[in-house]
Amino acid sequence: MPAVVVSGSGENQEFEGRITAYVIVCVIIAAFGGLMFGYDIGISGGVTSMDDFLKKFFPAVFEKKHHALENNYCKYDNQFLQLFTSCLYLAALIASFVASKVCSKYGRKLTMQIASIFFIIGVILTAGGINIEMIIFGRIFLGFGVGFANQAVPLFLSEIAPPNLRGALNISFQLFITIGILVSNLINYFTTNVHPHGWRISLGIAGVPALMLCLGSILICETPTSLIERHKVEEGRKVLRKIRGVENVDDEFDSIIHACEMAKQVKDPFRKLMKPVSRPQLVISICLQIFQQFTGINAIMFYAPVLFQTVGFGNDAALLSSVITGLVNVFSTVVSIYVVDRAGRRILLLEACVQMFISQVIIGIILFKELKTTGDNLSKGEAIFVVISVCTFVMGFAWSWGPLGWLIPSEIFPLETRSAGFAFAVSTNMLFTFIIGQAFLSMLCQMQAGIFFFFAAWVIIMGAFTWFLLPETKGVPVDAMVDKVWKQHWFWRSFMIEDDRPDVKVV
């Protein structure tokens with residue numbers, strides 16, 4: 001299993017070093033993996049609302065969309081159309097298990113290079129697609145890229161950054177995902193009127209960040225942790241000096257050596273995860289990923305242009321509305337970076353539950369009362385209010401369940417099960433992203449406005465889970481998590497009786 005050296009706070013040791021220009025360059029290059037992921041999330045919704053794309057690959061959907069008596073909720077209901085979007089995440093789920101082994105055996109740098117190659121192949125197949133099979137195979141290759149990038153990039157960022165910046169950089173990966181979504185919305189807005197190949201331009205531009213990641217990953221270094229883990233000890237020390245900008249790196253170097261040695265002692269981290277002592281972290285990590293998807297966020301981000309067309313916007317206006325929600329997503333994630341270590345995790349999650357619940361209910365009520373299955377769409381004022389409610393929903397998600405769904409699992413596992421535990425989190429996220437992506441348009445058709453009440457009900461469950469079962473981890477050193485968090489919690493402390501963990505020092 002890969003060794004991961006994570007900096008906590010408060011009681012943890014401070015190491016010498018500074019943020020260097022080289023580290024900044026490495027972080028920017030690696031972050032193109034997040035940008036690619038975000039672009040892939042956002043681009044599909046805009047492309048699947050373009051008439052030229054629908055006419056070529058989904059003529060039945062095109063006819064239904066423009067039929068005089070079309071069902072407003074069912075105009076885009078097509079399993080192959082949903083498969084175009086969701087197959088990426090099923091491929092990412094499968095690839096993540098392979099990527100974990102590659103990342104451990106061959107390093108973070110090579111794993112990112114492999115991800116970029118998958119991205120490039122996927123872009124070629126989708127942008128040059130001539131039939132539905134070709135574009136779906138292209139999306140599958142893009143999914144392989146996502147699986148490899150999501151495994152390597154967060155590890156790379158956490159290991160290359162100075163310890164006091166690791167938390168912020170963790171959420172910065174989510175920030176680059178939101179930027180990718182915004183960029184895709186802007187591209188879709190400008191290419192929707194480029195006939196007949198605007199959709200090819202939208203899909204093809206994804207090759208730019210993929211190429212940047214491919215070429216840039218040649219320039220960056222491997223992380224010291226990965227080098228030391230693979231027995232390249234002196235090379236690891238040399239790289240550590242380079243990225244820290246100081247000669248004296250002995251303390252941090254020793255801590256990495258120690259972490260790698262302790263990680264090697266755990267022969268089967270997945271079996272360790274099945275023990276009661278690992279139950280709190282495992283349950284919370286898996287539930288956070290499930291809840292993250294059942295907020296309805298990816299359904300809205302995937303299909304925002306489709307959703308806005310459903311309530312009555314024209315194609316251009318729908319794409320412009322998606323750009324607005326993309327901007328809200330980016331700036332709200334920046335808020336999270338600033339607030340998370342000040343206000344704490346729980347308060348952000350609970351506040352967002354209230355905000356998202358109200359937004360979902362308002363959208364559901366407006367659509368239930370005003371948008372019938374056939375006939376006229378919403379009035380302009382009502383449609384604008386729906387967009388405002390969607391933005392309010394996205395805002396709440398982007399400073400809470402979005403970034404914290406990844407941050408909390410990365411900080412609650414002890415070292416010996418951290419990589420295995422995080423793999424469970426990633427695979428769970430991809431599985432339920434696939435399920436929601438594949439089912440949303442059919443759910444919208446069958447449940448109509450009720451789908452927003454469905455997601456609102458899940459938000460209530462999420463809030464209750466957070467209130468009763470999710471302890472605050474702000475300011476708690478990673479190595480003190482068991483004693484200061486789990487053994488003090490009214491419910492989870494009963495699982496800590498068999499705490500047989502080795503004395504692991506995590507810095």
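I began with burial: 62% of the 507 residues in the protein chain are buried (under 20% relative accessible area; exposed is over 50%, partly exposed in between, with a 1.4 Å probe and protein chains only). The model is predicted, so local features need pLDDT of at least 70 and side-chain atom pairs count only at pLDDT 80 or more, while totals for chains, interfaces and linings use all residues. I number residues from 1 along each chain as its sequence is written, and side-chain values use heavy atoms, leaving out hydrogens and water.

**Confidence.** I looked up pLDDT, the predictor's confidence in each residue from 0 to 100. The protein chain averages 82, and 85% of the residues score at least 70. Residues 1–12 stay under 50, yet the model gives them 53 contacts beyond four places in sequence; a contact means heavy atoms within 4.5 Å. Residues 501–507 are also below 50, with 26 contacts beyond near neighbours in sequence.

**Fold.** I counted 22 helices and zero strands in the protein chain. These are DSSP runs numbered from the N terminus (helices H or I, at least four residues; strands E, at least two). Of the contacts between residues at least 6 apart in sequence, 82% join residues at least 24 apart.

**Helix H9.** I checked the length of H9, residues 207–219. Its 13 residues should span 18 Å at 1.5 Å a residue, and the end C-alpha atoms are 19 Å apart, which agrees; the expected span is 1.5 Å times one less than the number of residues. Gly207, Pro209, Ala210, Leu213, Gly216 and Ser217 of H9 are buried. Their cover includes helices H1 (21–47), H5 (108–127) and H8 (198–204).

**Core.** I then took the largest nonpolar core, which has 136 residues. Such a core is a set of buried Ala, Val, Leu, Ile, Met, Phe, Trp, Tyr and Cys residues joined through side-chain atoms within 4.5 Å. Phe53, Phe58, Phe119, Ile284, Trp401 and Trp486 touch the most other members. Leaving aside neighbours within four places in sequence, I found Trp486 in contact with residues including Pro280, Ile284, Ile412, Trp492 and Met496.

**Backbone exceptions.** Most residues other than glycine have a negative phi, and most peptide bonds are trans. I noted a cis peptide bond between His195 and Pro196, with omega about 0°. Pro196 lies in the loop between H7 (166–191) and H8. His231 has a positive phi of about 70° although it is not a glycine. I placed His231 in the loop between H10 (224–229) and H11 (233–244). His231 is exposed, at 62% relative accessible area.
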